[in-house]
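Colleague: I would like to learn how to read a model of this kind, feature by feature. Could you take me through the strands, the charged pairs and the enclosed space?

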Amino acid sequence: MGGRTRARSRFGLRAGGAAVAAFGALAGSLAGASGAAARDGAGLPYSQVEQVAHGVTYGQFTVAGGKGAVTGYLLTVDLSDPRVRVDLLTPGAVAERAPVSRLADTAQAVAAVNGDFFNITDEHPGVTPTGSSDGPEIAGGRALKAAVPDAQRFGPAMPPGGTTRDVLGVGADRRARLDRLTLAGDLRTRQGSHPLGGFNQYALPEGGIGAYTAGWGTVSRERAVCGSDTSRAAACATDTYEVTVRRGRVTAVSDAPGQGAIAPGSTVLVGREAGADALRALRVGDRADVSERLVPAASRVPYAFAVGGFTVLRDGAPLPGLDATTAAVRTAAGFGARGRTLYLLALDGTAAADPGLTVAEVADVMRRAGADDAVNLDGGGSTTLVTRGPGQAAATVRNNPSGVAERPVANAVGVFSTGR
């Protein structure tokens, strides 16, 4: 993409007293915006800073990591500004992918970074990778999917106590927070009630039943019955069953998970092992009611947006057990000022010049940026940060993604501002 060269030529420092003064003001607001940075006087050494839109600033910096100097890009978002909001950007279906720049352009976001880890490859011969994310998704206040079992996730090892159900979200009160979203749902029939083990997710727990809606997309649901509660690579279950429910009645049954679009208003139930046995008791025409929702562990405020990621920073301190050895290109999100300031970080992807940071180092960078709490998002070839300045028709990629082009991703964190 030529990202860094282009960004520096277009957004380098301008000569003149007014430009220097503006740079100093913006750099000060970024470096000491809130939280930990304000407490210890630290900050990030910004070489470029600009205002993308009202309440949204962008900065570029270079820090020393354990493997060498690393270039980073940071968005600082003022959630207390009524003109600003954030939301989850998706390609239109849970089992679908698109580049971050396209997601941002489609939604007319002023900035975005890539989001959660996702099912990009698969160990099961003949099974199509779904492109679906590991963790829960909430967009526009609506739950799109739940989390896969911990053993089935993609991404680096989580710190002790982490789970795929962990999220960073912004509530209807416009405050960011860390939380844990658990699926609560069931299938109710004349024979009894059965808890749901999944909702629009690429992997089900052993013996589980998963609900799939039109939001899943057209990709085969076969991946849902592969792997186990202890191994992502475990064989696919052969004891499976699928039932389609519409308007409270069973309309179709099948011995295997299907594919193709699910009609709006219909729910497809996929069962494996004991879950398959429960579904086999149903016949076309039988009464069946399905419900599902995501239940937060901490917040009583409904979420407007939530994305999966594992926690690296809590209350200004890095979590114990963070990886301090493996350096990589990374993306992170965090917040300070009691949830009123959001920070979105992406590192440069040119491994020859920028070796990346360890997870522990990312936690420290987020703390220096001003975050009190932060999560690690998908990295490597997925790491992408884009902005769309005033007068620009399309988003510009600001970092150098570590491939020949942007990688299509499952979701992204989008930033919106009505003040241009």
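Predicted model: local features only at pLDDT ≥ 70, side-chain atom pairs only at ≥ 80, totals over all residues.

Colleague: In what order do the strands of the open sheet with β11 and β12 stand?

Modeller: The order is β11-β12-β15-β13-β14, which makes an open sheet of 5 strands with mixed pairing. The edges are taken by β11 (198-199) and β14 (249-254), and because each has a single partner strand, one side of each is left without a neighbour in the sheet.

Colleague: Turning to charged pairs, how many salt bridges does a search of the whole structure find?

Modeller: The search finds 14 salt bridges. One of them is formed by Arg-398 with Glu-50, whose closest N and O atoms are 3.1 Å apart. This pair links distant parts of the chain, since Arg-398 lies in the loop between β24 (396-397) and β25 while Glu-50 lies in strand β1 (residues 46-53), 348 residues apart. Both Arg-398 and Glu-50 are buried.

Colleague: Which residue forms a salt bridge with Asp-239, and how far apart are the closest N and O atoms?

Modeller: The partner is Arg-280, and the closest N and O atoms are 2.5 Å apart. Asp-239 lies in the loop between β12 (209-212) and β13 (240-246) and Arg-280 in helix α5 (residues 274-280), so the pair ties together parts that are 41 residues apart in sequence.

Colleague: What does the side chain of Asp-277 do with Arg-280?

Modeller: The side chains of Asp-277 and Arg-280 meet in a salt bridge, at 2.8 Å from N to O. Both residues lie in helix α5, 3 residues apart, which is about one turn of the helix, and Asp-277 is partly exposed, with a relative accessible area of 45%. Through salt bridges that share partners, Asp-239, Asp-277 and Arg-280 are joined into one network.

Colleague: Finally, how many cavities of 30 Å³ or more are counted, and which residues line the largest cavity?

Modeller: The general idea is that rolling a probe the size of a water molecule over the atoms shows where empty space is left. Here the count comes to 1 cavity of 30 Å³ or more, and about 70 Å³ of space lies in the largest cavity. Its lining includes Asp-116, Asp-134, Arg-153, Met-158, Asp-166 and Phe-310, and the lining residues divide into 3 nonpolar, 5 polar and 4 charged.

How values were computed:
Residues numbered from 1 in each chain as written. Heavy atoms only, no water. Salt bridge = Lys/Arg side-chain N within 4 Å of Asp/Glu carboxyl O. Helix = DSSP H or I, 4+ residues; strand = E, 2+ residues; numbered from the N terminus. Buried < 20%, exposed > 50% of the residue type's maximum accessible area, 1.4 Å probe, protein only. 1 Å grid on protein atoms, 1.4 Å probe; cavity = no way out; pocket = protein on both sides within 12 Å on 5 of 7 lines; lining within 4 Å. Points joined across faces, edges and corners; volume = space filled by probe spheres on them. Nonpolar A, V, L, I, M, F, W, Y, C, P; charged D, E, K, R; others polar. Pairing = 2+ DSSP bridges.
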